[in-house]
Amino acid sequence: MSATPEKRRSGRPRSEASREAALRAASELLDEQGYAGLSIEGIAARAGIGKRTIYRWWPTKGAVVMEAFLADISPRITFPTTDCPIADIKSQLRSVVTAYRGKDGRTVREIVALGRADMATMEAFVSDYLEPRREAAKKALIRIMDESVAEGADLDTIVDGLYGPIFFRLLVQHAPLDESFIERHVVIYLAGLRSEGLLNASVSEA
């Protein structure tokens, strides 16, 4: 009995050049107009491609915007890994704050504000942007915690405590996101971990 031949996909092959042009256009328009003012039509016009080409790659405006946003911000907010995990945490928080003071902060505010009306984009923001960074933060935090308590610790809440003040200042905008804020925040945060017996006494705070 002969094998059933594989069906060939209909339509023209997707163009990587068109895809990259769409991502560049989305990033540029996100910077110029913000998420709310951006449209598939605008992305297509800026990229010099048709709307149908964009829809071959992404089902919604939010999907293409999220991919462009992630491609732009991800390399700038990675966790370093050195011999001083507390310094790594401080460095990553500084990177996040630096990004959020610019167009990336505006994008995050808009996505959160429009989340109820655009649940698909909000879900992508959580799964593709927030969750991977939360997992990286957990790994960094485990390095500064006492091994005897790290395994049973509520890491989700501990991560919330690390990033919560940053998001609060970003969204409410009642106080600046700056270097001095990060320094104070880390001191208070580590004091809290220490008071709960979670901080490894041998970890340097340099």
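Predicted model: local features only at pLDDT ≥ 70, side-chain atom pairs only at ≥ 80, totals over all residues.
Residues are numbered from 1 along each chain as its sequence is written, and side-chain values use heavy atoms, with hydrogens and water left out.

Let's start with the overall layout. The domain assignment gives domain 1 as 16-67 and domain 2 as 77-196; such bounds come from an automatic or database domain assignment. Taken over C-alpha atoms, the centres of domain 1 and domain 2 are separated by 28 Å.

How many residues of domain 1 are in contact with domain 2? There are 10 residues of domain 1 in contact with 11 residues of domain 2, where contact means heavy atoms within 4.5 Å. About 850 Å² is buried between domain 1 and domain 2, and carbon and sulfur atoms give 63% of that area. On the domain 1 side, Asp31, Tyr35 and Met66 lose the most area to domain 2, together 64% of what that side buries. Buried area here is the accessible area (1.4 Å probe) that two parts lose on being put together, summed over both.

Now for the record. UniProt, in an unreviewed entry, lists "domain: HTH tetR-type" for residues 16-76, and its annotation "DNA-binding region", also from an unreviewed entry, covers residues 39-58. UniProt positions are given in the numbering used here, feature names are shortened, and annotations may be inferred rather than shown by experiment. In the model, residues 16-76 are 82% helix and 0% strand, with the end C-alpha atoms 24 Å apart. The span 39-58 is 75% helix and 0% strand, and its end C-alpha atoms lie 13 Å apart. Helices (H or I, at least four residues) and strands (E, at least two) are DSSP runs, numbered from the N terminus.

Let's zoom in on helix α2, residues 40-47. Which residues of α2 are buried? They are Ile40, Ile43, Ala44 and Ala47; buried means under 20% relative accessible area, exposed over 50%, and partly exposed in between (1.4 Å probe, protein chains only). These four cover an arc of only 95° around the axis, which puts them on the same side of α2. That arc is taken from the directions from the helix axis to the C-beta atoms. As a reminder, an α-helix has 3.6 residues a turn, so residues three or four places apart point the same way. The buried residues of α2 pack against α1 (16-37), α3 (51-57) and α4 (61-73). After α2 comes Gly48, with a positive phi near 75°.

One of the residues in α1 is Ala25, which counts as buried at 2% relative accessibility. Leaving aside neighbours within four places in sequence, Ala25 is in contact with Ile43, Arg46 and Ala47.

On to the cores. A nonpolar core is a set of buried Ala, Val, Leu, Ile, Met, Phe, Trp, Tyr and Cys residues joined through side-chain atoms within 4.5 Å. The largest one has 43 residues, and Tyr100, Ile144 and Ile166 touch the most other members. At least two residues of this core come from each of α4, α5 (85-100), α6 (103-113), α7 (119-142), α9 (155-172) and α10 (179-195). Helix α9 gives the largest share, eight residues. A second, separate core of 19 residues includes Ala25, Leu29, Ile40 and Ala44.

What does Ile166 touch, not counting residues up to four places away in sequence? The list is Leu93, Val96, Val97, Tyr100, Leu177, Phe181 and Ile182.

Leu155 is also in α9, and is buried with a relative accessible area of 15%. With residues up to four places away in sequence not counted, Leu155 touches Lys138, Ile142 and Met145. Ile142, in helix α7, is partly exposed at 40%.

Over in α10 we find His185, buried at 9% relative accessibility. Beyond its neighbours within four places in sequence, His185 is in contact with Leu93, Gly161, Leu162 and Pro165.

Last stop: the loop between α9 and α10, where Gln173 sits. Is Gln173 buried or exposed? At 52% relative accessibility, Gln173 counts as exposed. Its phi is near 60°, a positive value in a residue other than glycine. Most residues other than glycine have a negative phi.
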